[in-house]
Amino acid sequence: MDDRLAIADRLATYAYAIDGGAWDLLDEVFTPEALLDYTSAGGIKGTFPEVKAWLAEVLPQWPGRLHLIGACRVAVRGDLAEVSASFSDTLSPSRELVAARGVLQGGGWYHHQMVRTEAGWRSVELVEEQTWRAIY
């Protein structure tokens, strides 16, 4: 149970970092050599440093961000864990641009491969599986 709670905390830290633009908090979620894949959402696939820089460049275009992480499936095998967590997200531009750009909402699954480190659980791989997206 302690592992599940620690992993859930990493997922919450991820959402907080993304929504708050606290990019350095992502260092507490991913290992330096982690691979991240956002291609199902139209994003990039690359190493953690590459994707972290990309997120910091792209997401400020949507200053209103809210990611909610829901049902979590966690399979711990020693110092490794497979994690699949449902998510929904809302991305909103500035108030002035809402009429022109709309608000994006979507959702799907985050699939993590995690490893236990001296600093706690960290993701070595994230694949976002976006299953739906709508513009309002």
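Modeller: Buried means under 20% relative accessible area, exposed over 50%, and partly exposed in between (1.4 Å probe, protein chains only). This is a predicted model, where local features need pLDDT of at least 70, side-chain atom pairs count only at pLDDT 80 or more, and totals for chains, interfaces and linings use all residues. Residues are numbered from 1 along each chain as its sequence is written, and side-chain values use heavy atoms, with hydrogens and water left out.

Colleague: Is Arg-10 buried or exposed?

Modeller: Start with its partner. Arg-10 and Asp-9 meet through their side chains in a salt bridge of 2.4 Å, N to O. Asp-9 has 40% relative accessibility, so Asp-9 is partly exposed. Arg-10 has 10%, so the label for Arg-10 is buried.

Colleague: How many salt bridges does a search of the whole structure find?

Modeller: A pair counts when a side-chain nitrogen of Lys or Arg is within 4 Å of a carboxyl oxygen of Asp or Glu. Across the whole structure, the search finds eight.

Colleague: How far apart in sequence are the parts tied together by Asp-79 and Arg-116?

Modeller: These two form a salt bridge, with their closest N and O atoms 2.7 Å apart. Asp-79 lies in the loop between strand E3 (64-77) and E4, and Arg-116 in strand E5, so the pair ties together parts separated in sequence by 37 residues.

Colleague: Which residue is linked with Asp-79 and Arg-116 in a network of salt bridges?

Modeller: Asp-79 is partly exposed, because its relative accessible area is 46%. Arg-116 is also partly exposed, at 33%. The residue that joins Asp-79 and Arg-116 in the network is Asp-3.

Colleague: What is the relative accessible area of Asp-89?

Modeller: The side chains of Asp-89 and Arg-133 meet in a salt bridge (2.9 Å, N to O). Asp-89 sits in strand E4 and Arg-133 in strand E6, so the pair ties together parts 44 residues apart in sequence. Arg-133 is partly exposed, at 32% relative accessibility. Asp-89 is buried, with a relative accessible area of 5%.

Colleague: What distance separates the C-alpha atoms of Val-98 and Thr-117?

Modeller: Val-98 lies in helix H3 (residues 98-101). Val-98 is partly exposed, because its relative accessible area is 29%. Beyond its neighbours within four places in sequence, Val-98 is in contact with Ser-92, Pro-93 and Val-103. Thr-117 is 19 residues from Val-98 along the chain, and their C-alpha atoms are separated by 42 Å.

Terms used
Helix = DSSP H or I, 4+ residues; strand = E, 2+ residues; numbered from the N terminus. Contact = heavy atoms within 4.5 Å.
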